[in-house]
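Notebook open, viewer open. I'll jot things down in the order I looked them up.

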Amino acid sequence: LVTRFLDIIQDLHGSNFRRVVEECLRVSAEYQRDAGDRAAKLGELGALFTSLDVGDAIMVSSSLSHMLNLANLAEEIQMVYQKKMETSRRGGFADEALAPTESDIDETFQRMVGGLGKTPQEVFDALRSQTIDLVFTAHPTQSIRRSLLEKHASIRTCLTQLCVEGVSENEKQEIDEALQREILAAFRTDEIRRTPPTPQDEMRAGMSYFHDTIWNGVPKFLRRVDTALKNIGIDERLPYDVPLIQFSSWMGGDRDGNPRVTPEVTRDVCLLARMMAANMYFSKMGSLMFELSMWRCNDELRARADELHRLSSRKYAKYYIG
């Protein structure tokens, strides 16, 4: 990714600018590697930046920032890929400290039963009696734009696809071209907000995580929990009314220190969150209409459907009964 990004820099700003960025990378790497000579390397790096005019210094800083983001994305994908390969080869990790990433829920349950002496029923009862509350907080200092975060997500998707086995050469070329486009688009995207976000903007940004990740990720995680419980001998699924994971939010409600958050703003943010949640449920119901296309059912389900149909008015029944 670094070489690819340097090629993009050269195409946009010329070979001289590329050499400056490469020199900054070299000095930075030596600073990180040599603990005894860091003062001299820091001075060399500072002299390199002060020798540039303001515009070039900003572009070099932006280039280094993008390269750091790309390195983090590549490291994330590499860690996941290494864990999958290691798990496939060894059948699991004997020691969590040896894993490239933290162990998954199945390994944790196996360790609790096999290593800590807990019974499967104790694990199941503990899950039923606890709730993990993840709280979204409002950070007006968060400057990364959502458009740039989406570019990073697209780059992550391309890197993941390149790690999939059985990809043909034509598919690799298409993915490679898509990766090139996304890296270029990310570099040409303004990195920071030019105006401070409003509480409503903060809520929209927070809800984007629900739309892009949490909405599909939490059900997948809960299904993995059920599978992990089955692997330790529990045939019962977690009840649907057990809130193993729930979400709270400070966004639009932090009236203890933010003068822009008023009762009216809190009301607007709550209505906005409810509207977004309703839209996500409505879109999912549309998918379920096609997924649950079976017309044969047992008497119990038919009686329940007839009851719901009677309780629903004709005005709204058309949205739920196909």
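Predicted model: local features only at pLDDT ≥ 70, side-chain atom pairs only at ≥ 80, totals over all residues.

Is Phe 247 buried, partly exposed or exposed? I get a relative accessibility of 28%, so Phe 247 goes down as partly exposed. Buried would have needed a value under 20%.

**Aromatic pairs**

I looked for ring pairs next, and the count came to three. I wrote up two of the entries.

I started with Phe 5 and Phe 187, which pair edge-to-face, with 5.1 Å from centre to centre and 90° between the planes. Phe 5 belongs to helix 1 (residues 2-13) and Phe 187 to helix 8 (residues 169-187), so this pair ties together parts 182 residues apart in sequence. I checked burial for both partners. Phe 5 has a relative accessible area of 1%, so I call Phe 5 buried. Phe 187 comes out at 6% and is buried too.

Then I went back to Phe 247, whose ring pairs with that of Phe 136. The ring centres are 6.2 Å apart and the planes meet at 40°, so I logged the pair as tilted. Phe 136 sits in strand 1 (residues 132-136) and Phe 247 in strand 2 (residues 245-249), so parts 111 residues apart in sequence are tied together here. Phe 136 is buried at 17% relative accessible area, whereas Phe 247 is partly exposed.

**Two arginines**

Is Arg 18 buried or exposed? Its relative accessible area is 15%, and that falls under the 20% cut-off, so Arg 18 is buried. Leaving out residues up to four places away in sequence, I found Arg 18 touching Leu 6, Asp 7, Ile 9 and Gln 10. Of these, I noted that Leu 6 and Asp 7 fall within the residue range of helix 1 (residues 2-13), as do Ile 9 and Gln 10.

Arg 38 was my other arginine. Its charged end sits over the ring of Tyr 31, 5.2 Å from the ring centre.

**Helix 9**

Helix 9 covers residues 199-231, which is 33 residues, and at 1.5 Å a residue I'd expect a span of 48 Å. The end C-alpha atoms are 45 Å apart, which agrees. Where does helix 9 bend? I put the bend at Thr 213, at about 50°. Just after helix 9 I also noted Gly 233, with a positive phi of about 105°.

Note on methods: Residues numbered from 1 in each chain as written. Heavy atoms only, no water. Helix = DSSP H or I, 4+ residues; strand = E, 2+ residues; numbered from the N terminus. Expected span 1.5 Å × (residues − 1). Bend = angle between axes of the 7 residues up to and from the residue. Buried < 20%, exposed > 50% of the residue type's maximum accessible area, 1.4 Å probe, protein only. Contact = heavy atoms within 4.5 Å. Phe/Tyr/Trp six-rings, centres within 6.5 Å; stacked < 30°, edge-to-face > 60°. Lys NZ or Arg CZ within 6 Å of the ring centre and 35° of its normal.
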